[in-house]
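This report works through one protein chain, from its overall make-up down to single residues. Have the coordinates open as you read.

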Amino acid sequence: MFQENTSANCLNIISSTEDGAFQKKGHSARILSPEEAERLAKDQVLVSEFKQLKLEKEAQKNWDLFYKRNSTNFFKDRHWTTREFQELKACREKNALYSTERCKVFQCDLTKDDLLENIPANSVDVVMLIFVLSAIHPDKMHLVLKNIYKVLKPGKCVLFRDYGLYDHAMLRFKSGSKLGENFYVRQDGTRSYFFTEEFLSQLFKAEGYEQVVNEYVQRETVNRKEDLRVPRVFLQSKFQKPFSKT
């Protein structure tokens with residue numbers, strides 16, 4: 001591991017992953033190649049308003065179909081959650097009250113279903129938004145954060161990780177997939193937003209959260225079988241609900 005100074009106010013931490021690829025954390029967004037920049041600049045045509053409204057109406061159905069198709073071949077335990085977010089390991093191992101019998105499982109739409117119907121106010125120690133917010137329309141993201149704020153304990157955090165600006169997945173979208181700035185639709189109808197550090201910070205702060213950590217994670221995904229290294233970009237953050245002012 002070593003540190004790379006990119007400016008007076010920006011420090012990147014570079015390390016190697018278990019498979020030998022690099023991982024870099026910091027406040028610098030990924031720099032595009034000239035070819036990538038040109039391709040994105042040309043992709044300015046947006047999906048029609050009619051189709052966008054249809055995608056919003058059918059969002060739940062499209063994601064239900066996605067999980068049904070990929071239930072056995074998509075999700076793998078990458079073991080990075082407890083490495084990156086120590087709060088999760090501590091919560092799991094140190095809480096003597098932890099029991100699967102005490103867990104309450106329920107389904108809800110975070111943009112419209114009130115969490116207070118299932119969870120008491122100011123009672124939650126940690127909230128994970130890991131590849132969740134990117135699937136929600138940018139105009140409705142603030143509703144999710146407002147909903148969570150009501151049940152989170154003062155002084156506790158939301159742990160966030162999601163797609164970052166110029167991630168490989170963003171650059172793969174073909175012309176005709178763009179819904180808005182940094183917002184795209186896949187062929188199966190599911191949508192994905194790619195976050196900038198500034199956008200996420202403003203989003204949380206507008207709902208009363210305090211920023212603890214907010215940085216890009218740039219790393220390589222290595223496919224040894226095909227000898228392929230793919231540049232990935234994520235945004236990894238922690239935002240805290242402040243203690244009540246007296």
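## Strand pairing

Two strands count as paired if DSSP finds at least two bridges between them. The model is predicted, and its strand β10 (residues 228-240) pairs with strand β5 (residues 152-163). That pairing is antiparallel and runs over seven bridges. Within it, Phe-160 has Ser-237 of β10 as its bridge partner.

Strand β10 also pairs with β9 (residues 210-223), again in the antiparallel sense, over 13 bridges. Val-217 faces Phe-234 of β10. Strands β9 and β10 form a hairpin, with four residues between them. Asp-227 sits in the turn and has a positive phi of about 55 degrees.

## The chain as a whole

How many helices and strands does the protein chain have? There are eight helices and 10 strands. Of the 246 residues, 41% are buried.

Take the contacts in the chain with a separation of 6 or more: 69% of them join residues 24 or more positions apart. The exposed surface comes to about 15600 Å². Carbon and sulfur atoms supply 51% of that area.

Helix α3 spans residues 59-69. Its buried residues include Ala-59, Asn-62, Trp-63 and Phe-66. These four cover an arc of only 95 degrees around the axis, so they lie on the same side of α3.

What do the buried residues of α3 pack against? Their neighbours are α2 (49-57) and β8 (191-193). The other side of α3 carries exposed residues, Gln-60 and Lys-68.

## Positive phi in two loops

Asn-122 is not a glycine, yet its phi is positive, at about 55 degrees. This residue belongs to the loop between α5 (86-94) and β4 (124-130). Is Asn-122 buried or partly exposed? Its relative accessible area is 41%. Buried means under 20% and exposed means over 50%, so Asn-122 counts as partly exposed.

Tyr-166 is another non-glycine residue with a positive phi, of about 70 degrees. It lies in the loop between β5 and α7 (168-171). Tyr-166 has a relative accessibility of 22%, and therefore counts as partly exposed.

Note on methods. Residues are numbered from 1 along each chain as its sequence is written. This is a predicted model: local features need pLDDT of at least 70, side-chain atom pairs count only at pLDDT 80 or more; totals for chains, interfaces and linings use all residues. Side-chain values use heavy atoms; hydrogens and water are left out. Buried means under 20% relative accessible area, exposed over 50%, partly exposed in between (1.4 Å probe, protein chains only). Contact means heavy atoms within 4.5 Å. Accessible areas come from the Shrake-Rupley method with a 1.4 Å probe; for residues, only the protein chains shown count as cover. The arc is that of the directions from the helix axis to the C-beta atoms.
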